[in-house]
Amino acid sequence: MPPQPLVTARRLRKVYGKPGAREFTAVDGIDFEVRRGEAFGLLGANGAGKSSTMRMIACVSPVSGGDLTILGRDAATDGPAIRARLGVVPQDDTVDTELTVRENLLIYGRYFGLSKVEVRRRAAELLEFARLTEKADESVGALSGGMRRRLTIARALVNSPDIVLLDEPTTGLDPQARHLLWERLFQLKREGVTLLLTTHYMDEAEQLCDRLVVMDSGRIVAEGAPAELISRYTTREVVELRLTDGDRATYGDELRSLVARFEDLADRLLLYTDDGEDVLSRAHATGARPITALVRRSTLEDVFLTLTGRSLVD
Amino acid sequence: MTAAVDLPTPTLSGRPPARSGGARAMVLRNVMIYRHTWPLLAAEVFEPVLYLVSFGIGIGALVGHVPGTAGTGEGAVRYPQFVAPALLATAAMNGAMNETTFNMFGKLRTDRTYESILTTPMTVWDVALGETCWALLRGALVTAGFLLVVLALGLVGSAWALLVLPSALLIGFAFASLGLLVVTLLRNWQDFQLIQLVMLPMFLFATTFYPLGVYPRPVQLLVECLPLYQSIELLRQPFLGQVGPALLVPAAYLLVFGTASLAVALRRLETTLRG
Ligand SMILES: Nc1ncnc2c1ncn2[C@@H]1O[C@H](COP(=O)(O)OP(=O)(O)OP(=O)(O)O)[C@@H](O)[C@H]1O
Ligand SMILES: [Mg+2]
C-alpha cells in the first residue's frame, strides 16, 4: 500500500467576498498531493492564488469548496489539531513587534502549550539555527529584513512541525541571505521535515523543489519534477537576442522562421531549440546585429512562459 | 520519492490531543510586554489621583459633607470619601477598556499580531478570553494602586472597602468585554473620538461628583442604566460601610452586561480574524 499523502486537495476552491456581486474566485478547483519528506512548490505570478492556497492549508482561512485533508484530518473541522503539527511562514513577516527576538520564540512556543523549560531550550537552539543569538535580546525593530525573515522561520519551527509552509521565503533578501536560507531549508529536509513553499524565483524552485505545480489564475496548469517539466514543455536550449528596434522590425520575421517556438518579449527575443549554437550562427547569417546574444539551458521560467504566455516576474 | 515508502506516515490519530497555550498564553504575552512598560500602569494610577486631589479635596473644602447621604454632623459622608469610590470605579473601567480598545486595535489592524497567533493551535476564543482576562487584571491592578493612595490619604473609613478589589475585577470584566465588542466596530483611529464622545459624558454624569438625587426622576432612570453608574454603586456602598443585598443589583447588572458583550464580540471577532 502506498503511503498516505500528508496533504491531499480535491477540487479545492477559495472564494472571497459576499456571494453574488463582489464574489471573487482566487482558487478554482485544484487537485494535488504532498508526500512525506518532499519539498513541494507552488509556482505562479502575482495573484495566481498561491497564498490563498497556503492559507487554507495552514487552516487560517476557511475552505470555500472541495476537500482538504492534512495529516489525515479534515482542514474544515480539525484546524487546531492540524495547526499543532504545522510550522507557518506567512508571506509578510508578522513577528511580534512589542517583544524582543528571544521573547518572540518563547511566547510562540507557549501558544503551542509547550512548557517553560521546553521553550527555553527550543529558543536557544533556534536562535543558533537562525544565526540570531547575538541579537537575542534586541527588539525586533532593530532587525534587518533578512534577519526578520529568519526569525519568522525559526519561530515556525518551535513546535518541531511535521510540515513547514513557506510563502515566498526569500522574497526581498539579498543573494547571500537567500543562500543561507536555502541551506537551512535543505537541513530541515534532511531531518525529514516536509516542505511546502511558494516562490517567484525559478532558480529557487529548481534548487529546492522535488515536485511542483504551476498555478495560473487559480488553476493548476502543470505538475511534475522541475527537470520533467522542462523536458515536457520546452526545448533543451534557448537563444536570447537583444536587438535594436530597427533590427527587430527588419529581421523579426526571418528570425522567427528559424525555430519552431519563439517568444517576443518587451526587451528580448527567445528562440527555442535543441541546438543553440546552430540557431545562433543562422541568426547571425540573416544579417541581424544583436546588441547581446547568448545561448542558455531552458529553465522553469521558459516553462512558465510557454504555459501562460507571460513572464513570471512582472 | 522512494525514500517515503518505508517511513510510517504520520497522521494525527495516534497522537495525544492538540495542546494549545490557551487564554493563559495570551496573558503571558501581556505580562512579558508589561515587564518592559510597567511605568504606563503607574501613569494610569496618577490620573485618578489628580481628580481626587483637585475635585475631592479642593472642591471638598467648599462642600464639606455631602447632602442627602447621612445628614450632617458626625456620621455624614465627607466629599472626598464620596468621590474616591467613583474614581476607583472609573480607574477599573478605563484600565480594562483601554486595553481592549486602544491596545487591541493596533494588534488587530496595524501589527496583525493575532494573525500570527492564529496560525498556532490557539483559537479566536483563546485570544479573546486571554485579552479580556489580562484587561480586567490590569484594571484591578490600577484600582489596587489607587486604593493604596486613597488609604494613605486617610479616606478609607470601613474595612468593607476591601470589597473594592473583587468588585474592580467584575467592573474590569464588564468593560473589557465592552471594549472587545467596540474594537470590532472601529474602522480607523479617528473612530476613537466617538468613544471619547460617549465615555466623557458618562464619566461626568454617572454620579461621580454628586449624588443621584440631584437629577429629576426621568433623568435618574436614564443615569441608572449606565454601566459606570452601576459600577460606582458597586464600589461606593461598601466603601462607605453600607453592605447589603442591594449590592446584588449592580453585580448582576455588570455580569450580564459583560457576558452579553463578550458573546457578541466573539462572534464578530471570529469573522474579522478568520477571513
Ligand atoms: N482577503 C482577500 N479578499 C479578497 N480578495 C483576495 C483576498 N486575498 C487575496 N485576494 C485575491 O485573490 C487573488 C489571489 O491572491 P493570492 O494572494 O492568493 O495570490 P498569490 O499567488 O499569493 O500572489 P502574490 O505572488 O502576489 O503573493 C488575488 O487576485 C487577490 O486580489
Ligand atoms: Mg502570495
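A salt bridge is counted when a side-chain nitrogen of Lys or Arg lies within 4 Å of a carboxyl oxygen of Asp or Glu. The model treated here is predicted.

**Exercise 1. The interface**

Solution. 
1. Apply the criterion to A:Asp96 and B:Arg29: their closest N and O atoms are 2.5 Å apart, and the two residues form a salt bridge.
2. Polar contacts between chain B and chain A number 11 residue pairs, both residues being at pLDDT 80 or more.
3. On the side of chain B that touches chain A, at least two residues come from each of helix H1 (22–37) and helix H4 (113–117) of chain B. The most is given by H1(B), with 8 residues.
4. Sorted by class, that side of chain B holds 16 nonpolar, 11 polar and 9 charged residues.
5. In total, 36 residues of chain B are in contact with 41 residues of chain A. The area buried between the two chains is about 3500 Å², and carbon and sulfur atoms give 59% of this area.

**Exercise 2. The metal site**

Determine which residues coordinate the magnesium ion (ligand 2), and where they lie in chain A.

Solution. 
1. The coordinating atoms are OG of A:Ser51 and OE1 of A:Gln91, at 1.9 to 2.1 Å.
2. A:Ser51 belongs to helix H1 (residues 50–57) of chain A, whereas A:Gln91 is in the loop between strand S6 (86–89) and helix H3 (101–111); the pair therefore ties together parts that are 40 residues apart in sequence.
3. A:Gln91 has a relative accessibility of 35% and counts as partly exposed.

**Exercise 3. Salt bridges within chain A**

Compare the sequence positions of two salt-bridged pairs, A:Asp28 with A:Arg219 and A:Arg232 with A:Glu228.

Solution. 
1. For A:Asp28 and A:Arg219, the closest N and O atoms are 2.8 Å apart. The pair links distant parts of the chain, with A:Asp28 in strand S2 (residues 24–34) and A:Arg219 in strand S10 (residues 219–224), 191 residues apart.
2. Both residues are partly exposed: A:Asp28 at 22% relative accessibility and A:Arg219 at 48%.
3. For A:Arg232 and A:Glu228, the N to O distance is 3.1 Å. These residues are separated by about one helical turn, because they are 4 residues apart in helix H8 (residues 226–233) of chain A.
4. A:Arg232 counts as partly exposed at 44% relative accessibility, and A:Glu228 is partly exposed at 40%.

**Exercise 4. A network**

Are A:Asp302 and A:Arg296 buried or exposed, and which residues does their network join?

Solution. 
1. A:Asp302 and A:Arg296 form a salt bridge, with closest N and O atoms 2.9 Å apart.
2. Both A:Asp302 and A:Arg296 are buried, the cut-off being under 20% relative accessible area.
3. Through shared partners, salt bridges join A:Glu240, A:Arg242, A:Asp267, A:Arg268, A:Arg296 and A:Asp302 into one network.
4. Over all chains, a search of the whole structure finds 37 salt bridges.

**Exercise 5. Chain A as a whole**

Summarise the secondary structure and burial of chain A.

Solution. 
1. Chain A comprises 11 helices and 14 strands.
2. The C-alpha trace of chain A spans about 75 × 45 × 45 Å along its principal axes.
3. Of its 314 residues, 54% count as buried.
4. Among contacts in chain A between residues at least 6 apart in sequence, 68% join residues at least 24 apart.

Methods. Residues numbered from 1 in each chain as written. Chains lettered and ligands numbered in written order. Predicted model: local features only at pLDDT ≥ 70, side-chain atom pairs only at ≥ 80, totals over all residues. Heavy atoms only, no water. Contact = heavy atoms within 4.5 Å. Buried area = accessible area lost by both parts, 1.4 Å probe. Polar contact = N/O pair within 3.5 Å; in protein donor to acceptor, adjacent residues only side chain to side chain. Nonpolar A, V, L, I, M, F, W, Y, C, P; charged D, E, K, R; others polar. Donors = N, O, S within 2.8 Å, 3.2 Å for Na, K, Ca; no water. Buried < 20%, exposed > 50% of the residue type's maximum accessible area, 1.4 Å probe, protein only.
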